[in-house]
Amino acid sequence: MIIHGTPVSLRDWRAADLAPLRSWLSPARPWHRTNGPYFPPMGAAEVDAVVARVRSGIAAPLPTPRRNLAVVETGTDRLVGRVDWYWECEETDWRRMGVVIYDDARWGRGYGTEAVRLWTGYLFGATDALRLDYATYSGNPAMIAVGRRLGFVEEGRFRRARRWSGGVHDSVVMGVLREEWVHHTP
């Protein structure tokens, strides 16, 4: 499967993505400083486990909706990030999305906005979800701005929830309802 966009597209993982993925997961990469930096860095065993899960998913029958997709640069097919979703609460059909643009040279160029736009549209199209959301923190204003650009609403702000790196940050949840997305889709 591929979902075409500009400047990025979303697609199923391929074997050729495994080596770049392993490299992007290195704890020294800058994306770790904005994407949940308060969590401990991945060790070698955790990196191996992520790559193994992606590898096993390549050969397996793929579910609908997909649980995650590679974010690739349109035109070059170069891996630059990942989107995923997980159950915040399966019993109530509450899905939470995630996105990361690994390549810091691509930050500020619309890659994250397009990835979230494509992923949100796909998930609303492939499910009967009433809402979608993602969580970030006040130390990542770019992710808050992505949501605002796409019509997401700040639904939750847990003040001073993250004491980290000598500072204190809010935890922020950005959400959009199906009917808002239909009327707002850029």
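Biologist: What makes β6 and β8 a pair of strands?

Modeller: This is a predicted model, so all I say rests on computed values. Two strands pair when at least two bridges are found between them. Seven bridges join β6 to β8, residues 167-177. Seven meets that cut-off, so the two strands count as paired. They run antiparallel. Within this pairing, D133 stands opposite G175 in β8.

Biologist: How do you know that β5 and β6 pair?

Modeller: β5, residues 94-101, and β6 share three bridges. The cut-off is at least two, so they pair too. Here the sense is parallel. M97 stands opposite Y134 in β6.

Biologist: Which helix does the chain pass through from β5 to β6, and what is the hand of the crossover?

Modeller: The chain goes through helix α3, residues 111-126. This β-α-β crossover is right-handed. The term means that, with the strands pointing away from the viewer, the path from the first strand over the helix to the second runs clockwise.

Biologist: Why is β6 called largely enclosed?

Modeller: Buried means under 20% relative accessible area. In β6, residues 131-137, six of the seven residues are buried, so the strand is largely enclosed by the rest of the structure.

Biologist: Why is S165 called exposed?

Modeller: Exposed means over 50%. S165 has a relative accessible area of 60%, so it is exposed. S165 lies in the loop between β7, residues 153-164, and β8.

Biologist: Why is D93 called partly exposed?

Modeller: The relative accessible area of D93 is 25%. That falls between the 20% and 50% cut-offs, so D93 is partly exposed. D93 is found in the loop between β4, residues 79-89, and β5.

Biologist: What is the phi of D93, and what is that of S165?

Modeller: Phi of D93 is near 60°. For S165, phi is near 50°. Most residues other than glycine have a negative phi.

Biologist: Which residues does a cis peptide bond join?

Modeller: P7 lies in the loop between β1 and β2. Another cis bond joins T64 and P65, where omega is about 0°. P65 sits in the loop between α2 and β3. Most peptide bonds are trans.

Conventions:
Residues numbered from 1 in each chain as written. Predicted model: local features only at pLDDT ≥ 70, side-chain atom pairs only at ≥ 80, totals over all residues. Heavy atoms only, no water. Buried < 20%, exposed > 50% of the residue type's maximum accessible area, 1.4 Å probe, protein only. Helix = DSSP H or I, 4+ residues; strand = E, 2+ residues; numbered from the N terminus.
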